[in-house]
Amino acid sequence: MGNAIKTEGFYNAWRLLAPYDSEIGTILLKDIPKTSYEAIEILLKDYAKKDYIKIFTHHLTALPGWTGYINHRTQSNSDWQQEFPIDAMDYLAVRLWTAQKIKTPFYIQQVENKSDELVSKMQYVWLQAWEKSWQNQLINTLEKIPQDIQSIDSTTIPDAQLVFCIDTRSEVIRRNIESKGNYETFGYAGFFGIAMDYQSFNDGVIRKSCPPIVASAYTVSESAQPEKIR
């Protein structure tokens, strides 16, 4: 049922589910425009055209990560996008319609504030103070480290340290390495900049080995040496 709804596209799927969202009040399906284009047209009918860009910018930048991902899917036109389509117009229609239902303004009028310059200066001062406090804390920590390296129990120092991406696919490798000896592994938020797909030697299946929003630049595969195949 879920996939059947999603194949209708993001806006159509949302439209079918919106009547069940108790947080935005009582809604009837017939009250929701049938297309995202129609919804935006109706919602903006009382606004001047010169305000459209302000409204769109306000909502598209509210969640820049999601907006960027939607643009990526639209441009890449992957199999997933073809099966479960979404575009910026669908996203805007849902946001604007929801904003109207919960009585939130489409965008906030910018009011000139003479204290902006003072606020910026204060923010800069606070930022400097925060950075200085962090530096002092780091220096204090380093100063407590024993100067004589010989006094440190060598058994507590790992033979090697390895860094992996924070990813469930890396967990198996990390735990296996740590079980083989005096090794220490760390998880780090990143994929080391190698955008690739990996083709498994065992089953031949190609799997994405980089963040979904990044297009793979390479396909990496393995092949066994004939003389070592058993």
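G187 touches F164, I166 and R174, leaving aside residues up to four places away in sequence; contact here means heavy atoms within 4.5 Å. The model is a predicted one, in which local features need pLDDT of at least 70 and side-chain atom pairs count only at pLDDT 80 or more, while totals for chains, interfaces and linings use all residues. Residues are numbered from 1 along each chain as its sequence is written, and side-chain values use heavy atoms, with hydrogens and water left out.

- G187 belongs to strand β2, which covers residues 183-188.
- With a relative accessibility of 35%, G187 counts as partly exposed; the classes are buried for under 20% relative accessible area, exposed for over 50%, and partly exposed in between (1.4 Å probe, protein chains only).
- V163 is 24 residues away from G187 in sequence, yet their C-alpha atoms are 5.9 Å apart in space.

**The chain as a whole**

- The protein chain contains 9 helices and 5 strands; these are DSSP runs numbered from the N terminus, helices being H or I with at least four residues and strands E with at least two.
- Starting at the N terminus, the order of elements is α-α-α-α-α-α-α-α-β-α-β-β-β-β.
- The chain has 230 residues, of which 20% count as buried.
- Of the contacts between residues at least 6 apart in sequence, 46% link residues at least 24 apart.

**Packing against helix α7**

- Helix α3 (residues 36-43) and helix α7 (residues 88-101) have axes that come within 9 Å and cross at roughly 45°. This angle makes α3 oblique to α7. Axes are lines fitted to C-alpha atoms, for helices over the stretch in contact, and angles run from 0 to 180 degrees between N-to-C directions.
- Angles under 35 degrees count as roughly parallel, over 145 as roughly antiparallel, 65 to 115 as roughly perpendicular and the rest as oblique.
- The crossing of α3 past α7 is left-handed; that term applies if the near helix is turned anticlockwise from the far one by less than a right angle, and right-handed applies if clockwise.
- On the α3 side, S36, Y37, A39, I40 and L43 meet residues of α7 that include M89, L92, L96 and Q100.
- Helix α2 (residues 10-17) also packs with α7, at an angle of about 30° and with the axes 8 Å apart. This makes α2 roughly parallel to α7.
- The crossing of α2 and α7 is right-handed. F10, Y11 and W14 of α2 make the contact with D90, Y91, A93, V94, W97 and T98 of α7.

**The three-stranded sheet**

- An open sheet of 3 strands has the order β4-β3-β5 and mixed pairing. Strands β4 (206-208) and β5 (218-221) stand at the edges with a single partner strand each, so one side of each lacks a neighbour in the sheet.
- On average, neighbouring strands of this sheet are turned by 30° against each other, direction ignored.
- Strand β3 (residues 196-199) runs parallel to β5, joined by 4 bridges; two strands pair if DSSP finds at least two bridges between them.
- D197 has T219 of β5 as its bridge partner, and Y198 has V220 of β5.
- Between β3 and β4 the pairing is antiparallel, over 3 bridges, with D197 standing opposite K208 of β4.
- The hairpin formed by β3 and β4 has 6 residues between the strands, and G204 in the turn has a positive phi of about 75°.

**Loop residues with positive phi**

- Most residues other than glycine have a negative phi, and most peptide bonds are trans.
- N77, in the loop between α5 (64-76) and α6 (79-83), has a positive phi near 50°. Its relative accessibility of 42% means that N77 counts as partly exposed.
- K103, in the loop between α7 and α8 (116-143), has a positive phi near 60°. K103 is exposed, with a relative accessible area of 74%.
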